[in-house]
Amino acid sequence: MDLLPSDQVLSKGVKLQRVMGHIQFVNVSFRYPSRAKTPVLDGINVSVQAHEVVAIVGLSGSGKSTLVNLLLRLYEPITGQTVIKFCSDMKAKRTVIVIARRLSTIKAADRIVVMDVGRITEMGNHTELLEKDGLYAKLVGAQTDTLA
Ligand SMILES: Nc1ncnc2c1ncn2[C@@H]1O[C@H](COP(=O)(O)OP(=O)(O)OP(=O)(O)O)[C@@H](O)[C@H]1O
Ligand SMILES: [Mg+2]
């Protein structure tokens, strides 16, 4: 699928990070320097293919923004690494990681990453995750149109 950039930008409550290429989080753990005792990300492993659209969902404080901040290199992971392998083909479609609150955006993603207190607990598409009947199903059930 190919979400047009304008659709994404206009969606209220959606933050995004786009790159041309393949993104990897390899065993990423993180704590903020000001709260050095509190783990914020704990052993995150995600690989996002070039051209893939991935939605990150989870309750407030689960670490979604922190994950994107590490990708932007605003902070360095304590362990592990973030890797971006840029595409040489500049005509390639963008890889999109979206912190999505709108169910319509989340449903349209190729893959949904569900975070819970700094860990990835579920991954899959909307239908797969509903069938799993775990945290994602709970979040969708709790809020028909929005997710934290
Ligand atoms: N600058 C900071 N210094 C210290 N702790 C922080 C900082 N930013 C976030 N945190 C803490 O890190 C954890 C993860 O926060 P983060 O903002 O990544 O969550 P989130 O999933 O993006 O939440 P939200 O849905 O509210 O945006 C929370 O416990 C939060 O309190
Ligand atoms: Mg956030």
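Reply: In sorting residues by class, Ala, Val, Leu, Ile, Met, Phe, Trp, Tyr, Cys and Pro are taken as nonpolar, Asp, Glu, Lys and Arg as charged, and the others, including Gly, as polar. The model is predicted, so local features need pLDDT of at least 70 and side-chain atom pairs count only at pLDDT 80 or more, while totals for chains, interfaces and linings use all residues. Residues are numbered from 1 along each chain as its sequence is written, chains are lettered from A and ligands numbered from 1 in the order in which they are written, and side-chain values use heavy atoms, without hydrogens and water.

On that basis, the shell of ligand 1 comprises 3 nonpolar, 7 polar and 3 charged residues. These 13 residues surround the ligand, with Ser60, Gly61, Lys64, Ser65 and Thr66 the closest; a residue is near a molecule or strand if one of its heavy atoms lies within 4 Å of it.

Several polar contacts (pairs of N or O atoms within 3.5 Å) can be described. A side-chain N or O atom of serine 60 is 2.6 Å from an oxygen atom of ligand 1. For glycine 61, a backbone N or O atom is 2.8 Å from a ligand oxygen, and for serine 62 a backbone N or O atom is 3.3 Å from one. Of the 630 Å² of accessible area that ligand 1 has on its own, the protein covers 68%; such areas come from the Shrake-Rupley method with a 1.4 Å probe.

Turning to the strands (DSSP runs of E, at least two residues, numbered from the N terminus), strand β4, residues 53–58, pairs with β6 in the parallel sense over 4 bridges. Two strands pair if DSSP finds at least two bridges between them. Valine 53 stands opposite valine 96 in β6.

An open sheet of 3 strands has the order β3-β2-β5, with antiparallel pairing. Because β3 (41–48) and β5 (79–86) stand at the edges with a single partner strand each, one side of each is left without a neighbour in the sheet. Strand β2, residues 21–30, pairs with β5 over 7 bridges, and serine 29 has threonine 79 in β5 as its bridge partner. Glutamine 49 lies in the loop between β3 and β4 and counts as partly exposed, at 43% relative accessibility.

Technical notes: Polar contact = N/O pair within 3.5 Å; in protein donor to acceptor, adjacent residues only side chain to side chain. Buried < 20%, exposed > 50% of the residue type's maximum accessible area, 1.4 Å probe, protein only.
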